[in-house]
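Here is a guided walk through a structure, taken one region at a time. Have the sequence and the 3D view open as you read.

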Protein chains: 2
Amino acid sequence: MTMIRVTCCQLSPAIADVAANVAASTAAVRRAVDGGARVVVLPELATSGYVFADRDEAAATAITTDHDVFSAWSREAARTGAVVIVGFCERAGNDNAGPLYNSAAVIDGTGVRAVYRKTHLWDREKLWFAPGATLPPVVDTDVGRIGVAICYDLEFPELTRHLALAGADLVAVPTNWPLVARPDGEHPPEVVIAMAAARTNRMVIACCDRDGTERGQRWTAGTTIIGVDGWPLTVHRPGGVDGDVTAEVDLAQTRVKR
Amino acid sequence: MTMIRVTCCQLSPAIADVAANVAASTAAVRRAVDGGARVVVLPELATSGYVFADRDEAAATAITTDHDVFSAWSREAARTGAVVIVGFCERAGNDNAGPLYNSAAVIDGTGVRAVYRKTHLWDREKLWFAPGATLPPVVDTDVGRIGVAICYDLEFPELTRHLALAGADLVAVPTNWPLVARPDGEHPPEVVIAMAAARTNRMVIACCDRDGTERGQRWTAGTTIIGVDGWPLTVHRPGGVDGDVTAEVDLAQTRVKR
């Protein structure tokens, strides 16, 4: 048994307010690490918010991994040997003339281990983001092998299979799920897809959604950590309140594929 | 709108009693067609039962598509232009010395349109069946484009994606799902996987499970027809009673993939 505590911090990022989001996300990572989490997942675009008015607004929130917040997250991770996976609005160069990406970073106590740029852009994201050119990474960490996918990526079973074949024990999914109608008693559709991906690949999937409403867009607040058998270990139900979702997972189980 | 009635006949085949299963399956197809079904799905190994004692017993139930039952099913289908998908224990040649297959046939009023030999054999199936060598077909019928998968095949997202890319509007899944524990309120795990496959590929999936207990093996009786949005349209709950599960589906929706 290799029990690991995983915490998803279901924040409500403030649109276009990087300073506020840096503070809130750093506080969230600190709280999760203090709570014993070895894997901490934050939402998609946690530093910027999601519903941009236009490309200029997106560009104004864009950062690189030189931004101080990556060091701050890394310092928190270093305290206990944790790993942090967090979404951010990335710019490619020193100014905002180049492409922007909807990215996620994997950070441990040594710093930024990998950056993944979302390959499957959803809807209006295509107006300001460029798609990533490479498949998502699996990072061998002290905790286990951590794969990354961002939101809509999850709906492509080739991508989750890729992560499984690359050896992922746990796939961290920073996400912003727009609330859609579903039949009574059903999980959000994205959770159903994650459950199937977890079970068919025998890997843990930790989806960190966001909460609240942003410029009229209601979010699902569907944060869910799913075990290797495909069943949700914890579910955060919508309630308008930020909150951490935590589960204990046995990553050794993910190496038994029969 | 192209509404089509789909009926899954959740039978309880009698182990190794081909004559009884031929009679019961033909009666089931007749009943479904009389009820207006244009697509009729029967379970995996509907002519033979599943829990064989040994290869000899499996071989004794094996038939080819020359067997009279295929003509009987075709005659029923011909009455209204229906399509029947049914699992059977197939032998490759005129005697039982050659390989046996866990197969499914697609039958319409003109006869047998295709035979698919299960490629992903489960557990003890490998003791008597040979795996099929080719991917499952998609058959262009008067009703729509019908793909086939058998039971465990469904758990390989590459296979359902293959069927979607080959143009399937509806995937018929003859199945025998062994009952497994699941959390309260959850669908059977195979249904979760089918829901994800239906939604990510926008196609209808009609899973015809079986009922009852066979040589100690309790079945899930999980027959479910799933729409293009991934939600179950109908569910047959376990109750020990055979029964038909019917849904009306709009196959034109499956051609809209955005």
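A polar contact here is a pair of N or O atoms within 3.5 Å; within protein, one must be able to donate a hydrogen and the other to accept it, and residues adjacent in sequence count only if both atoms are side-chain atoms. With that in hand, chain B and chain A share 4 residue pairs in polar contact, both residues at pLDDT 80 or more. This is a predicted model, in which local features need pLDDT of at least 70 and side-chain atom pairs count only at pLDDT 80 or more, while totals for chains, interfaces and linings use all residues. Residues are numbered from 1 along each chain as its sequence is written, chains are lettered from A and ligands numbered from 1 in the order in which they are written, and side-chain values use heavy atoms, with hydrogens and water left out.

Let's stay with the interface. Chain B puts in 20 residues and chain A puts in 20 residues, counting contact as heavy atoms within 4.5 Å. The buried area comes to about 1,800 Å², with carbon and sulfur atoms giving 66% of it; that area is the accessible area (1.4 Å probe) that two parts lose on being put together, summed over both. On the chain B side, B:Arg161, B:Glu186 and B:Trp231 lose the most area to chain A, together 31% of what that side buries.

Salt bridges (a side-chain nitrogen of Lys or Arg within 4 Å of a carboxyl oxygen of Asp or Glu) turn up here too: 2 of them cross the interface. B:Arg161 pairs with A:Glu158 in a salt bridge, their closest N and O atoms 2.6 Å apart.

Now step inside. The largest nonpolar core has 96 residues, and those touching the most other members are A:Val39, A:Ile85, A:Ile225, B:Val39, B:Ile85 and B:Ile225. Such a core is a set of buried Ala, Val, Leu, Ile, Met, Phe, Trp, Tyr and Cys residues joined through side-chain atoms within 4.5 Å. Buried means under 20% relative accessible area, exposed over 50%, and partly exposed in between (1.4 Å probe, protein chains only). Leaving aside neighbours within four places in sequence, A:Ile85 has contacts that include A:Val39, A:Leu42, A:Ile146 and A:Pro174.

What about salt bridges over all chains? There are 28. In one of them, A:Arg31 meets A:Asp244 (2.9 Å, N to O). That pair links helix H1 (residues 18-34) to strand E14 (residues 243-250) of chain A, 213 residues apart. A:Arg255 bridges to A:Asp169 at 2.7 Å between the closest N and O atoms. A:Arg255 is partly exposed at 48% relative accessible area, whereas A:Asp169 is buried at 2%.

Finally, have a look at A:Arg202, in the loop between helix H5 (189-201) and strand E9 (204-208) of chain A. Its phi is near 45 degrees, a positive value in a residue other than glycine. A:Arg202 is buried at 18% relative accessibility and forms a salt bridge with A:Asp229, the closest N and O atoms being 3.1 Å apart. A:Asp229 lies in the loop between strands E12 (224-226) and E13 (232-235), so the pair ties together parts 27 residues apart in sequence.

Terms used. Helices (H or I, at least four residues) and strands (E, at least two) are DSSP runs, numbered from the N terminus.
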